[in-house]
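Hi everyone, thanks for coming. Have a look at the screen for a moment, and then I'll walk you through it.

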Amino acid sequence: MAVIKISQEDFEGIKYYAKLYKNEYDTIVHEALKLYFEAQKKAQAQTEINLDYDEFWDGVELD
């Protein structure tokens, strides 16, 4: 198993929200990572969609 290091400030934030919403620390971290991964996937998809004309047609040969 890998060890993940987080700052004291981040840990305090996790602790705060875990207490506020009566959740386990793992739940807070899992939900935060889920939102992060969704945002990254959306940003990646947006980047792939925004091809300029040359990028779009690169490698396409029309007869």
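So, which residues line the largest pocket? They're Ile4, Ile6, Asp10, Ile14, Tyr25, Asp26, Val29 and Leu33. Keep in mind that this is a predicted model, where local features need pLDDT of at least 70, side-chain atom pairs count only at pLDDT 80 or more, and totals for chains, interfaces and linings use all residues. Residues are numbered from 1 along each chain as its sequence is written, and side-chain values use heavy atoms, with hydrogens and water left out.

A helix here is a DSSP run of H or I, at least four residues, numbered from the N terminus.

H2, helix 25-49, and H1 each give at least two lining residues, and H2 has the largest share, with four.

Now for the salt bridge, meaning a Lys or Arg side-chain nitrogen within 4 Å of an Asp or Glu carboxyl oxygen. The whole structure has one: Glu12 pairs with Lys15, closest N and O atoms 3.8 Å apart. Both sit in H1, three residues apart, about one turn of the helix. Glu12 counts as partly exposed because its relative accessibility is 34%, between the cut-offs of under 20% for buried and over 50% for exposed (1.4 Å probe, protein chains only). Lys15, at 36%, is partly exposed too.

Technical notes:
1 Å grid on protein atoms, 1.4 Å probe; cavity = no way out; pocket = protein on both sides within 12 Å on 5 of 7 lines; lining within 4 Å.
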